[in-house]
Amino acid sequence: LRAMHRPYTAEHYERLVAGIADAIPGAAIGTDVIAGFPDETDEQSETLAALLERLPLSHVHVFPYSDRPGTEASSMRGKVEGPTVRARAARLRSIGEGLSARFKASQLGQVRRALVVDDGTSAVTDNYLKLALDRPRERNEWIDVLVEGPYQGRVVSRESSVVR
């Protein structure tokens, strides 16, 4: 993080994410990470993986490092070999998939506020789950949805409002 000029530490970030999760139960919390930044060691990569595994995240966006002309990082030494970068990124993506599945499973049985989207057969909850609905509703309508599966919801209230 220091080499990327980030003004925080991993410990600070972990406390921040945990604080959000405690303050807002069911919050969707995502993060972006870079795999294979110049001089990244195997140990640092493992530390990042371990941190991600214990954070209450709903999604992880993984960027494999690549040089961008004109950036400070492009002139740094200690470039990580392409196959190593790809392997590290794949591992982090796998962890992210597990975190996403864990988050979706934690929402089963919850009733969430949701906005009907697309053709009225799906809705996006207040914590960003996109669910297929058991019956069509009017697009842009706010509804309450019981999360019945990772991608399935059942409309549970008739009270609604339409966003125009």
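Is Asp 118 buried, partly exposed or exposed? Asp 118 is partly exposed, with a relative accessible area of 41%; here buried means under 20% relative accessible area, exposed over 50%, and partly exposed in between, with a 1.4 Å probe and protein chains only. The points below place this residue and others in the structure.

1. Basis of the note. This is a predicted model, in which local features need pLDDT of at least 70 and side-chain atom pairs count only at pLDDT 80 or more, while totals for chains, interfaces and linings use all residues. Residues are numbered from 1 along each chain as its sequence is written, and side-chain values use heavy atoms, with hydrogens and water left out.

2. Overall architecture. The chain has three helices and eight strands, which follow the pattern α-β-α-β-α-β-β-β-β-β-β along the sequence. Helices (H or I, at least four residues) and strands (E, at least two) are DSSP runs, numbered from the N terminus. The radius of gyration is 20 Å, well over the 15 Å that the globule rule gives for 164 residues, so the chain is more spread out than a compact globule. That radius is taken over C-alpha atoms, and the globule rule is 2.2 Å times the number of residues to the power 0.38. The C-alpha trace spans about 60 × 30 × 25 Å along its principal axes.

3. Burial and surface. Of the 164 residues in the chain, 34% are buried. The accessible surface comes to about 9900 Å², and carbon and sulfur atoms account for 53% of it. Accessible areas come from the Shrake-Rupley method with a 1.4 Å probe, and for residues only the protein chains shown count as cover.

4. Nonpolar cores. A nonpolar core is a set of buried Ala, Val, Leu, Ile, Met, Phe, Trp, Tyr and Cys residues joined through side-chain atoms within 4.5 Å. The largest has 17 residues, and those with the most contacts inside it are Val 33, Leu 52, Leu 57, Val 60, Val 62, Leu 92 and Ile 95. At least two residues of this core come from each of β1 (30–35), α2 (42–54), β2 (59–64) and α3 (82–106). A second, separate core of eleven residues includes Phe 103, Ala 114, Ile 143 and Val 145. In soluble globular proteins, nonpolar side chains tend to be buried together.

5. Contacts of two residues. Contact means heavy atoms within 4.5 Å. Not counting residues up to four places away in sequence, Val 62 touches Val 33, Ala 35, Ala 89, Leu 92 and Arg 93. Gln 107 lies in the loop between α3 and β3 and is buried, with a relative accessible area of 3%. With neighbours within four places in sequence left aside, Gln 107 is in contact with Gly 26, Arg 112, Asn 127, Leu 129 and Val 147.

6. A salt bridge is a side-chain nitrogen of Lys or Arg within 4 Å of a carboxyl oxygen of Asp or Glu, and a search of the whole structure finds eleven. Arg 54 pairs in this way with Glu 14, the closest N and O atoms being 2.6 Å apart. Arg 54 lies in helix α2 and Glu 14 in helix α1, so the pair ties together parts that are 40 residues apart in sequence. Arg 91 and Glu 46 also form a salt bridge (3.0 Å, N to O). Arg 91 belongs to helix α3 and Glu 46 to helix α2, so this pair ties together parts that are 45 residues apart in sequence. Arg 91 is partly exposed at 34% relative accessible area, and Glu 46 is partly exposed at 43%. A network of salt bridges links Glu 40, Asp 42 and Arg 88.

7. Asp 118 lies in the loop between β3 (111–117) and β4 (122–125), and has a positive phi of about 55° although it is not a glycine. The side chains of Asp 118 and Lys 130 meet in a salt bridge (2.7 Å, N to O). Lys 130 is in strand β5, twelve residues from Asp 118, and is partly exposed at 43% relative accessibility. Asn 140, in the loop between β5 (130–133) and β6 (141–149), also has a positive phi, near 70°. Asn 140 is partly exposed, with a relative accessible area of 26%.
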